Amino acid sequence: MSSEKVTVADLDLNDEHMTIGLSDTLKEAAKRLLSIPGGVLVVLADDSKVKGVIGHKQLLLAIDSDADTKNATCAEHMEMDFMEVKLDEDLQVVMQKIRQRSPQAVVAIDEHGDFNGYFSPNDYQASRDLVKSLKKLKL
């Protein structure tokens, strides 16, 4: 890692999430969430654009509000406080944006705005460590 900038694309953003559609049911969301403990579901429109996320909290809130999980859709219960970052963005800049905004979720998108990965809390920690290391090395 010489003087090249480290970008979002340098991270492994393909773990700790699954995707789901807007019209999929909460029952389907629950099944998928059970297969990725600690992860989230990224809710996508048919055009692969991110519309929201569903985690354990959103699912529990829906159940607590007596939502019919067999009929209620992900679109009705997703969290919409997410931030999109582009794959070619400088990681240090992204980290600043995340700290300033504090979104519920961060997703990576490609040059067309299509979903490309989920920036998990573990990715955030790894990025912080990487940025600290780069600063110490003056890179």
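1. Asp81 counts as partly exposed, at 25% relative accessibility (buried is under 20% relative accessible area, exposed over 50%, partly exposed in between, with a 1.4 Å probe and protein chains only). Its side chain meets that of Arg101 in a salt bridge, 2.9 Å from N to O (the rule: a side-chain nitrogen of Lys or Arg within 4 Å of a carboxyl oxygen of Asp or Glu). Asp81 lies in the loop between α3 and β4 (82-86) and Arg101 in helix α4, so the pair ties together parts 20 residues apart in sequence. Arg101 is also partly exposed, at 41%.

2. A word on the basis. The model is predicted: local features need pLDDT of at least 70, side-chain atom pairs count only at pLDDT 80 or more, and totals for chains, interfaces and linings use all residues. Residues are numbered from 1 along each chain as its sequence is written, and side-chain values use heavy atoms, with hydrogens and water left out.

3. Overall layout. The protein has 5 helices and 6 strands (DSSP runs numbered from the N terminus: H or I of at least four residues for helices, E of at least two for strands). Their order along the sequence is β-α-β-β-α-α-β-α-β-β-α. The C-alpha trace spans about 55 × 30 × 25 Å along its principal axes. Of the 139 residues, 41% are buried.

4. How many salt bridges does the rule count? The count comes to 4. One of them joins Asp114 and Lys49, at 2.6 Å from N to O. Asp114 sits in the loop between β5 and β6 (115-119), and Lys49 in the loop between β2 (40-44) and β3 (50-54), so this pair links parts 65 residues apart in sequence. Lys49 is partly exposed, at 25%.

5. Glu28 pairs with Arg32, their closest N and O atoms being 2.7 Å apart. Both lie in helix α1 (residues 26-34), 4 residues apart, or about one turn of the helix. Glu28 is partly exposed, with a relative accessible area of 24%. Arg32 is partly exposed at 24%.

6. Surface charge. Arg99, Arg128, Lys132, Lys135 and Lys136 form a patch of positive charge on the surface (patch members have over 30% relative accessible area and no salt bridge, like charges being joined within 9 Å). Helix α5 (residues 121-136) gives the largest share, 4 residues. Lys132 lies in this helix, α5. Its relative accessible area is 46%, so Lys132 is partly exposed.

7. Gln58 deserves a look. It belongs to helix α2 (residues 56-64). Buried or exposed? Gln58 is buried, with a relative accessible area of 12%. Its side chain reaches the backbone nitrogen of Gly55 at 2.7 Å. Gln58 and Glu79 are 21 residues apart in sequence, yet 6.9 Å apart in space, C-alpha to C-alpha.

8. Backbone check. Most residues other than glycine have a negative phi. Which phi does Asp66 have? Asp66 is not a glycine, but its phi is positive, about 65°. Asp66 is placed in the loop between α2 and α3 (74-77). With a relative accessible area of 69%, Asp66 is exposed. Ser102 also has a positive phi, near 50°. The loop between α4 (91-101) and β5 (105-109) holds Ser102.

Conventions:
Patch = residues over 30% accessible without salt bridge, like charges linked within 9 Å, V, L, I, M, F, W, Y side chains within 5 Å. Areas by Shrake-Rupley, 256 points an atom, 1.4 Å probe, with all protein chains shown as cover. Lys, Arg positive; Asp, Glu negative; His and termini not counted. Charge placed at Lys NZ, Arg CZ, Asp CG, Glu CD. Polar contact = N/O pair within 3.5 Å; in protein donor to acceptor, adjacent residues only side chain to side chain.
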